[in-house]
Amino acid sequence: MITLGRKPHNYLNANYSPWSWLFSTDHKRVAILYLISITLFFFVGGATAVLFRLELMTPRGDLVISETYNKLFTMHGIIMVFFFLIPSIPAVLGNFLIPMMIGARDLAFPKLNLLSWYIYSIGGVFTIAALVSGGVDTGWTFYTPYSSTYSNTAVMTAALGIFITGFSSILTGLNFMVTTHTMRAPGMHWFRLPLFVWSNYATSLIMILGTPVLAISLLLVAVERFFRMGIFDPKLGGDPLLFQHLFWFYSHPAVYIMILPGMGVISEVITCFARKRVFGYEFIAFSSLAIAVLGFLVWGHHMFVSGQSMYAGMVFSFISMLVAVPSAIKVFNWTATLYKGSITLQTPMLYALGFIGLFTMGGLTGVFLATLAVDVQVHDTYFVVAHFHYIMVGGMVMAYLGGIHFWWPKMTGRLYPEWWGRVSAAMIFFGFNLTFYPQFILGYLGMPRRYHTYPEEFQVLNVMSSAGASLLGVGYLIPLGYLLWSLRYGRAAGDNPWRAKGLEWTTTSPPPTENFQVTPVVTEEAYAYSAEESEAEYQRQVEEFARGEETLEESRREL
Amino acid sequence: MEHEFQLFPEQASSYAAKLDWLYYSLVGVAVFFTFLICVLILTFAIKYRRGSRASRGNPSNGNLKLEFTWALIPFVIMMISFGWGTRLFMEINRPPADAIDMYVVAKQWMWKCQNQNGKGEINELHVPVETPIRVTLISEDVIHSFFVPAFRVKQDVLPGRYTSIWFRPTKPGTYHLFCAEYCGTSHAAMRGKIVVMERHEYAAWLEREGTTPASVQGRLLFERFKCGDCHGGDTSDDGPMLSGLFHRTETMRDGERLEPDLGYVRQSILEPQARVVAGYQPVMPAFQLSEEQIFQLVAYLETLSAQPLKSNTLPEELSR
């Protein structure tokens with residue numbers, strides 16, 4: 001794959017047999033395995049979205065019947081949440097980068113790391129099986145008693161898939177935490193860690209503490225379904241709200257699994273392309289932990305109109321408001337990082353700046369939802385759909401793509417085509433806003449989510465949304481195309497095309513199997529960039545270029 | 001229900017305008033901060049683009065005062081939003097004492113509405129304008145949600161447990177009733193209409209359409225199931241007296257004290273052994289009544305109350 005005349009030893013050319021990939025415990029190869037699998041799931045999940053956005057072009061149900069529609073949005077949710085978003089940045093970029101960022105040879109438990117990919121894949125097989133064997137129609141939230149006694153679809157196959165995949169999250173989280181604690185290179189103390197490592201550390205905390213609760217809730221659904229034991233269905237003596245408490249106790253923190261690692265990527269990209277040390281390092285680091293911890297105390301804000309007590313609603317509303325503080329701190333610090341920088345707008349930076357804008361909107365609309373009375377109106381409407389897509393797609397997917405572009409040269413040794421990168425980044429940004437912005441308006445107007453048909457007055461906004469979705473879909477296909485193209489035809493990247501700081505850039509691209517020839521010793525703070533130096537160097541380049549032009553001109557005249 | 005394109009939902013209840021004030025204030029905050037961030041990003045990206053002449057001396061990597069400022073400002077805004085939202089939330093959670101009662105049973109995929117004065121409706125609920133209406137909700141199967149966007153109110157409808165919602169319509173017209181909680185195959189078809197009528201029209205409508213009042217139907221049930229054999233009169237030892245039931249506190253056999261309400265009556269009919277009043281034997285058999293029948297029985301029991309705490313009848317001018 002890499003032909004540069006001399007063939008330096010690296011993790012990609014170490015061995016070409018399929019077995020050497022399937023049984024590799026190299027964190028970089030496991031990351032690539034994850035990259036391939038989550039990309040597959042992303043496009044399957046995306047395809048379901050294309051279908052239901054087409055259906056929603058008209059108020060009537062004329063493309064698919066309601067059962068199919070319900071199965072489509074359910075699969076979209078399950079696949080995107082559990083098989084794309086949750087593993088996306090941690091399992092691909094985190095796996096690839098954390099050991100290199102802290103100067104280690106591999107993760108603390110390389111075999112466990114490979115195992116977690118297998119567990120993820122087995123879970124994925126079950127989920128695909130559920131899809132093929134007729135689908136599931138409960139929504140990704142599996143609310144009882146619909147899921148436990150009423151739905152006649154492949155609920156248990158899908159739930160089993162999620163149950164199994166949960167263990168891969170737990171193992172990945174465990175691996176990252178132990179690695180961060182025990183395998184840092186000499187001199188890499190906690191406050192020299194890249195913020196990407198901090199945010200993945202906070203994510204790991206949630207994965208370890210939250211995922212078991214999800215597993216338990218799904219197990220209880222299974223017990224009720226198979227043994228008719230009354231847990232959630234009041235007809236059998238259960239309590240339907242118990243499920244919601246258990247489910248959101250995991251799934252709210254899980255929402256932060258789906259954004260914190262993205263915040264880590266943004267900190268890396270912004271500093272590099274602004275040539276600035278990050279503003280307020282400690283505040284960004286600790287705000288990640290604050291978000292992770294607060295995330296466990298706000299699950300009841302999904303239940304303001306569920307029949308939970310009014311006073312419980314007040315407590316959950318209050319704590320949810322507090323989440324705004326660490327989130328705001330991050331946004332302001334990233335923005336301040338740009339101040340007095342030496343900024344260039346390559347593709348990863350476009351994604352990062354887009355992330356800040358969209359995350360700000362997602363966060364601010366979160367305030368609407370945390371405000372009790374407003375939530376009563378917009379709960380379970382398109383407002384909520386728009387809000388969490390601003391966080392998860394506008395936030396996490398933008399960050400993921402930004403990260404993939406940023407570290408692509410490191411992972412493959414190749415450069416992606418910059419022009420195409422910028423075009424698709426812009427297309428995704430505009431397509432995204434066109435898709436989801438109208439949904440805020442739809443939501444306040446009262447259009448409930450998960451509606452197969454809708455009153456006619458909502459059509460204009462739905463058509464806008466569907467139009468945006470098609471733009472977004474093309475925007476996602478373009479990078480798939482040119483990144484694959486670049487594997488063979490992309491320009492050789494060199495070891496550090498961005499002149500980025502961070503230990504992962506001190507080794508060759510692609511890195512050797514053992515990451516570093518010599519264990520690095522860290523002597524400086526993270527992000528030791530200097531905008532002034534960058535400017536001085538740029539001036540030198542400009543002058544050199546001008547001199548070159550002059551010489552060229554002179555030689556022309558002489559001729 | 002207009003079929004034209006709209007950007008803002010109609011305000012059709014006394015509460016709608018109050019919520020809109022809060023909502024549009026939050027929109028203001030959101031727009032302000034989004035613009036602030038976008039303008040800052042664009043300004044910096046242009047002013048500090050590589051090769052620009054802007055000064056880059058003395059770069060700062062942190063500033064404690066700044067950090068506390070931009071932590072404090074969001075915090076203050078959040079607290080205002082919290083307080084304002086909570087005040088309104090308490091308002092919609094506390095129906096006024098003079099609200100008239102309606103009962104709604106939700107099932108896959110329809111709304112069965114029971115007017116206090118007897119008229120049963122499917123997927124439609126007629127209500128008089130400028131009158132506080134309290135709707136008591138229960139589901140026969142899965143969780144549904146009673147959502148009237150024009151009134152800005154929503155409440156999940158649970159199986160096996162009562163919830164309630166109230167509103168005071170201010171504008172005659174027909175408004176959407178949506179099921180907002182995903183409830184299975186035909187969830188999107190579980191839509192209904194709230195018809196708000198002028199008071200005199202409503203009275204005429206009742207006159208025209210009205211059947212036996214719920215309390216009378218309840219009384220028929222009471223007699224049919226011979227409830228009075230054990231619970232009637234003053235002398236029976238078999239079961240507690242039912243007159244004035246909703247105005248006293250009862251002690252259960254296990255020492256629990258409770259004020260009997262709709263939920264307690266429902267449980268006592270469907271599973272009589274669950275919570276038995278102290279001093280009585282658990283001898284009552286279970287009765288398989290439908291949710292509508294329970295509503296009717298309760299309407300009758302309320303007429304037995306010595307002095308009603310809340311009025312369950314229409315204001316005088318409306319009653320027949």
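Reply: Start with the area. Chain B and chain A bury about 7,800 Å² between them, and 69% of this is on carbon and sulfur atoms. Buried area is the accessible area (1.4 Å probe) that two parts lose on being put together, summed over both. The size of an interface is often given in this way, as the accessible area lost when the parts come together.

A word on the source. This is a predicted model, where local features need pLDDT of at least 70 and side-chain atom pairs count only at pLDDT 80 or more, while totals for chains, interfaces and linings use all residues. Residues are numbered from 1 along each chain as its sequence is written, chains are lettered from A and ligands numbered from 1 in the order in which they are written, and side-chain values use heavy atoms, with hydrogens and water left out.

Now count residues. Chain B brings 88 residues to the contact, and chain A brings 95. Contact means heavy atoms within 4.5 Å.

Next come the charges. There is 1 salt bridge between chain B and chain A. It joins the side chains of A:Glu535 and B:Arg56, at 3.3 Å from N to O. The term means a side-chain nitrogen of Lys or Arg within 4 Å of a carboxyl oxygen of Asp or Glu.

Polar contacts are counted too. The interface of chain B and chain A has 28 residue pairs in polar contact, both residues at pLDDT 80 or more. A polar contact is a pair of N or O atoms within 3.5 Å; within protein, one must be able to donate a hydrogen and the other to accept it, and residues adjacent in sequence count only if both atoms are side-chain atoms.

Which elements of chain B touch chain A? Helix H1 (16–47), helix H2 (64–93), strand E7 (153–157) and strand E9 (173–179) of chain B each supply at least two residues. H2(B) gives the most, with 18 residues. Helices (H or I, at least four residues) and strands (E, at least two) are DSSP runs, numbered from the N terminus.

Sort that side of chain B by class. It has 48 nonpolar, 24 polar and 16 charged residues. Here Ala, Val, Leu, Ile, Met, Phe, Trp, Tyr, Cys and Pro count as nonpolar, Asp, Glu, Lys and Arg as charged, and the others, Gly among them, as polar.

Now zoom in on one residue, A:Ser306. It sits in the loop between helix H10 (281–294) and helix H11 (310–338) of chain A. Is A:Ser306 buried or exposed? A:Ser306 counts as buried because its relative accessible area is 1%. Buried means under 20% relative accessible area, exposed over 50%, partly exposed in between (1.4 Å probe, protein chains only).

What does A:Ser306 touch? Leaving out residues up to four places away in sequence, A:Ser306 touches A:Leu241 and A:Gln244, and also B:Gln155, B:Asp156 and B:Leu158. Its side chain also meets backbone atoms. A polar atom of the A:Ser306 side chain lies 2.8 Å from the backbone oxygen of A:Met303. The A:Ser306 side chain also reaches the backbone nitrogen of A:Gln308, at 3.3 Å.

To recap, the chains share 1 salt bridge and 28 residue pairs in polar contact. A:Ser306 touches residues of chain B and is buried.
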